[in-house]
Amino acid sequence: MPELPEVEVTRLSFADRIAGAQIQSVRVGKPLRWPLGIEPNALVGRQVQVVRRRGKYLLVDLDQGLLLLHLGMSGSLSFVQQAPEPGKHDHFDLQTSRGTLRLNDPRRFGAVVFADSEDDSQAQKLLGKLGVEPLAGDFDPLRFHRALVQRRAPIKQVLLAGDVVVGVGNIYASEALFLAGIRPTTRASRLSKPRAARLHQAIGQVLARAVEKGGSTLRDFSNAHGESGYFQLEAMVYGRDGQACKVCGTPIKAIRQGQRSTFFCPQCQKP
DNA sequence: AAAAGCCCCTGGATGC
DNA sequence: TGCATCCAGGGGCTTT
């Protein structure tokens with residue numbers, strides 16, 4: 001579910017409220033993707049400092065170490081003063097002096113991992129190969145083009161891989177490629193400098209807009225306040241198989257690339 | 001090195 | 001409130 005916009009919207013919805021809180025108890029439910037990596041009780045008494053984001057990971061800095069949170073496909077966080085009894089899909093609770101941060105994740109592809117520092121091997125295994133942040137200043141079109149030229153895979157799959165640029169998942173990859181007028185099957189290495197620059201711009205544009213709209217709520221995404229997102233209403237191609245292109249009226253096509261669905265307009269998007 | 005497949009897991013939608 | 005099948009916003013790991 002959660003791509004960069006959903007993760008960022010989630011972060012914004014609780015970061016200020018949890019900053020400075022002291023951890024009072026930790027509850028773990030069913031196993032998530034990876035073990036926590038620390039005895040839960042060892043976190044009690046530590047203080048939450050800031051909540052950052054790297055790609056689709058949330059980094060919760062503590063006064064000693066940090067927690068890496070990933071929402072996987074179906075995860076969402078809530079942060080409330082008084083948490084109700086945990087439901088069957090509530091698999092992690094961080095009860096603090098300011099409220100309880102709770103991870104709900106039916107499919108359990110998500111994770112909460114403790115690391116002593118961002119540089120240690122535990123954290124680097126997850127963060128080490130991540131590409132550039134698309135909403136940060138160091139995402140520049142020429143560098144982007146130079147990276148793409150070395151990849152022969154279809155551009156959609158290069159975007160999803162996350163080692164060139166992070167945060168672009170299945171929805172926003174299709175949307176950005178539509179905005180850029182690029183066919184998702186085009187080999188990344190065949191993109192000209194101007195087309196790469198156009199894609200670079202489209203990625204920034206679509207992600208920023210999605211953050212503004214609170215992310216996309218397709219089935220059940222909500223931020224830590226429980227609020228839905230509305231970007232899906234603005235989707236140009238994602239989930240619109242067979243429907244008319246909003247620009248030219250041509251039916252949108254759905255294909256599969258690397259076991260993921262891809263949507264594009266055969267008229268507006270050139271190989 | 002890069003690319004392609006596989007798989008983790010649950011639940012909703014659809015078809016029979 | 002039957003059963004089988006397919007699909008879903010991710011990504012690490014293994015194999016080519």
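**View 1. Helix 1 bends by about 30° at Leu12.** The bend at a residue is the angle between axes fitted to the seven residues ending there and the seven starting there. The model is predicted: local features need pLDDT of at least 70, side-chain atom pairs count only at pLDDT 80 or more, and totals for chains, interfaces and linings use all residues. Residues are numbered from 1 along each chain as its sequence is written, and side-chain values use heavy atoms, without hydrogens and water. Helix 1 covers residues 4–18 and reaches 20 Å from its first C-alpha to its last, close to the 21 Å expected at 1.5 Å a residue (1.5 Å times one less than the number of residues). Helices are DSSP runs of H or I with at least four residues, numbered from the N terminus. After helix 1 comes Gly20, with a positive phi near 90°.

**View 2. Helix 1 is mostly covered.** Twelve of its 15 residues are buried (under 20% relative accessible area, 1.4 Å probe, protein chains only). Among them are Leu4, Val7, Phe14 and Ile18.

**View 3. Residues around DNA strand B include Lys30, His89, Phe109 and Gln259.** Near means a heavy atom within 4 Å. The residues of this surface divide into three nonpolar, two polar and six charged (Asp, Glu, Lys and Arg count as charged; Ala, Val, Leu, Ile, Met, Phe, Trp, Tyr, Cys and Pro as nonpolar; the others as polar).

**View 4. Arginine side chains make polar contacts with DNA strand B.** A polar contact is a pair of N or O atoms within 3.5 Å. A polar side-chain atom of Arg107 lies 2.9 Å from a base oxygen. For Arg108, the partner is a sugar or linking oxygen at 2.8 Å. An N or O atom in the side chain of Arg151 is 2.8 Å from a phosphate oxygen.

Conventions. Chains are lettered from A and ligands numbered from 1 in the order in which they are written. A polar contact is a pair of N or O atoms within 3.5 Å; within protein, one must be able to donate a hydrogen and the other to accept it, and residues adjacent in sequence count only if both atoms are side-chain atoms. Helices (H or I, at least four residues) and strands (E, at least two) are DSSP runs, numbered from the N terminus. Buried means under 20% relative accessible area, exposed over 50%, partly exposed in between (1.4 Å probe, protein chains only).
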